[in-house]
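Dear colleague,

I am passing on the structure below for your own work, and my notes on what was found in it follow directly after.

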Amino acid sequence: MPFVQINPTDDVFITQYFPNNNFGSDTSLFTGEYVRFNNQPDAFRSLLKFNLTGVIPPGNIILSAALNLFVFRKDKTDGQLSPQTVSVYTNANNFFQNTVTWNNAPTIIPTPYSVNVTDADVNNYISIDITNIVVNWFYNVIPNNGITLVGIENIIDTIIGYRSNEWAIPGQRPFLNIQYGIVGPTGATGPTGPTGPTGPTGATGATGPQGVTGPTGIQGVTGPTGPTGATGPTGLQGVTGPTGIQGLTGPTGPTGATGPTGLQGVTGPTGIQGLTGPTGPTGATGATGLQGVTGPTGIQGLTGPTGPTGATGPTGLQGVTGPTGIQGLTGPTGATGATGATGLQGVTGPTGIQGLTGPTGPTGATGPTGLQGVTGPTGIQGLTGPTGADGVTGPTGATGIQGVTGPTGATGIQGVTGPTGATGIQGVTGPTGADGPTGPTGPTGATGIQGPTGPLSILASQPLETPLALTPLATPVTVLSQTLNTTTNELKIDSMAEVNIVITLALAYQYTITYVLREDTIPIAQVVINNAGTSLAVLEAHTEIPNLTWTTTPTAGSHTYDIQITVTSTIPANITSVNTTTRSLNILG
């Protein structure tokens with residue numbers, strides 16, 4: 001069957017985020033929902049219109065018609081979201097490529113036509129059968145105001161991109177493929193002949209092959225609507241749609257009452273003992289406690305070899321000092337004889353019972369020290385009296401000859417142990433000792449199963465509307481810049497800029513726009529737009545919208561991404577002004 005392919009006379013995308021901007025000169029078309037800057041709606045739709053005048057030869061009818069679009073971008077994979085449906089709507093009123101915006105776009109009317117776009121469609125054409133729409137346009141059943149393509153608009157990051165009729169490669173532009181056929185005229189009916197005699201009934205012949213289905217006839221005018229029928233039974237509940245985007249976290253509610261304390265967990269193992277901290281100050285000495293009975297001394301074992309000196313442990317609390325026993329009586333001192341050879345030391349005799357200390361008399365004036373006489377026998381020591389006031393200390397006399405030490409008296413009976421005194425105030429805790437050395441690192445555990453890839457989030461966003469001059473010509477101008485810290489994960493970078501060029505009246509013009517995406521001042525992608533012609537109006541304005549979507553996997557650390565625009569011309573004198581207004585640089589990861 002013969003066919004014809006025609007490109008659109010008008011094709012353009014519109015965006016909800018820039019509702020008053022026209023993108024008629026852009027080389028791309030888009031459907032779906034973008035990333036919602038500042039939580040603002042950001043849907044994209046694309047409008048196309050075709051001129052069908054004289055599209056097929058006279059005497060032919062349209063057999064089929066399909067819209068073909070070249071897909072170059074799909075932001076969500078099939079694994080993240082499936083299906084990804086793009087639906088076809090007809091337009092209730094007309095539009096024009098260079099003036100339509102989101103706010104003045106035509107009202108749309110739903111049709112049964114749609115297509116599911118998959119990962120395999122990227123960098124290939126998709127085809128949507130719109131035969132009935134094209135037939136109705138061709139025969140003026142409905143006005144030819146073109147169509148609007150609508151993607152998924154309730155889930156972010158569902159953008160699908162197609163090449164427009166302004167794209168530089170003709171083999172990737174949109175087109176309508178129309179297949180048509182010839183219908184011959186019906187001949188005149190001949191006269192009816194006489195009826196012949198009925199012959200014998202022949203055997204039934206074999207059924208012949210089914211003939212080729214004829215072309216669909218022109219759709220008739222829609223008849224009046226019939227009366228509404230009785231309400232049918234409720235259909236089965238449809239499959240639950242995908243979960244919507246999680247809403248903003250609500251305010252934190254009041255803290256509930258504290259629950260009962262759980263059972264105490266098992267005591268963990270004792271950690272490695274830290275280095276010994278400095279000794280804290282000695283606490284106050286408590287009252288002397290009762291001295292326990294001394295056990296019998298065991299037989300002394302052989303002395304073992306001396307072990308290595310251990311780390312000094314913390315000083316324990318000082319024990320309570322026991323009461324002093326009663327002092328025994330001092331024996332009489334004998335006369336000092338000549339010193340003989342030292343004999344064997346005799347057995348120490350028992351210490352005698354100490355007598356009561358007598359009262360101390362007043363201290364007299366110290367007289368001159370006389371010669372020390374022979375020490376007489378020491379009398380029984382009286383009870384100790386109260387201590388008198390100290391007198392003036394006299395000069396110390398010469399030390400006399402030491403007398404022979406008398407035998408040690410028998411040990412006195414040990415006094416009753418006094419009651420245990422109150423525990424003294426605990427001393428201040430010493431400072432915590434230094435941490436012990438870190439133990440060796442354990443072996444690395446096995447890597448866990450990788451979880452599903454989460455949705456991309458905006459790492460950095462920079463939309464601007466303020467005008468920025470792109471002069472002098474042939475000079476690179478940085479129009480957007482973002483710096484952020486990255487990991488080794490993949491980033492997706494979306495960018496665009498609206499470039500406005502004013503041409504002098506009725507003069508030839510030529511300009512080239514070089515749009516460069518850079519990472520740390522090194523170019524990683526670029527788009528070049530060339531245009532030339534003759535201006536037809538006073539100070540004719542041209543708008544170009546270069547844009548780039550790029551993926552990159554940077555090293556971990558800080559990186560700066562920026563957009564540089566350079567405008568050049570072979571006849572710069574005929575360009576009145578060049579600037580950029582609307583522009584944005586968004587980094588997702």
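Leaving aside its neighbours within four places in sequence, serine 584 is in contact (heavy atoms within 4.5 Å) with Gln462, Pro463, Leu480, Asp494, Ser495 and Met496. Serine 584 is placed in strand 21, residues 575-588, where helices (H or I, at least four residues) and strands (E, at least two) are DSSP runs numbered from the N terminus. With a relative accessible area of 6%, serine 584 is buried; buried here means under 20% relative accessible area, exposed over 50%, and partly exposed in between, for a 1.4 Å probe and protein chains only.

Please bear in mind that this is a predicted model, in which local features need pLDDT of at least 70 and side-chain atom pairs count only at pLDDT 80 or more, while totals for chains, interfaces and linings use all residues. Residues are numbered from 1 along each chain as its sequence is written, and side-chain values use heavy atoms, with hydrogens and water left out.

Helix 1 (residues 131-138) is largely enclosed by the rest of the structure, because 6 of its 8 residues are buried, namely Thr131, Ile133, Val134, Val135, Asn136 and Trp137. These buried residues pack against strand 5 (60-74), strand 6 (85-91), strand 7 (108-116), strand 8 (124-129), strand 9 (147-150) and strand 11 (175-182). Just after helix 1, asparagine 140 takes a positive phi of about 60°.

Beyond its neighbours within four places in sequence, valine 134 is in contact with Leu52, Ile62, Ala65, Leu176 and Ile178.

As for pockets, the definition is an open set of points on a 1 Å grid over the protein atoms alone, where a 1.4 Å probe fits, with protein on both sides within 12 Å along at least five of seven lines, and lining residues have an atom within 4 Å of a point. The largest pocket is lined by 40 residues, of which Phe72, Arg73, Leu548, Thr549 and Trp550 lie nearest its centre. Its lining draws at least three residues from each of domain 1 (3-181) and domain 2 (458-588), with bounds that come from an automatic or database domain assignment.

With best regards
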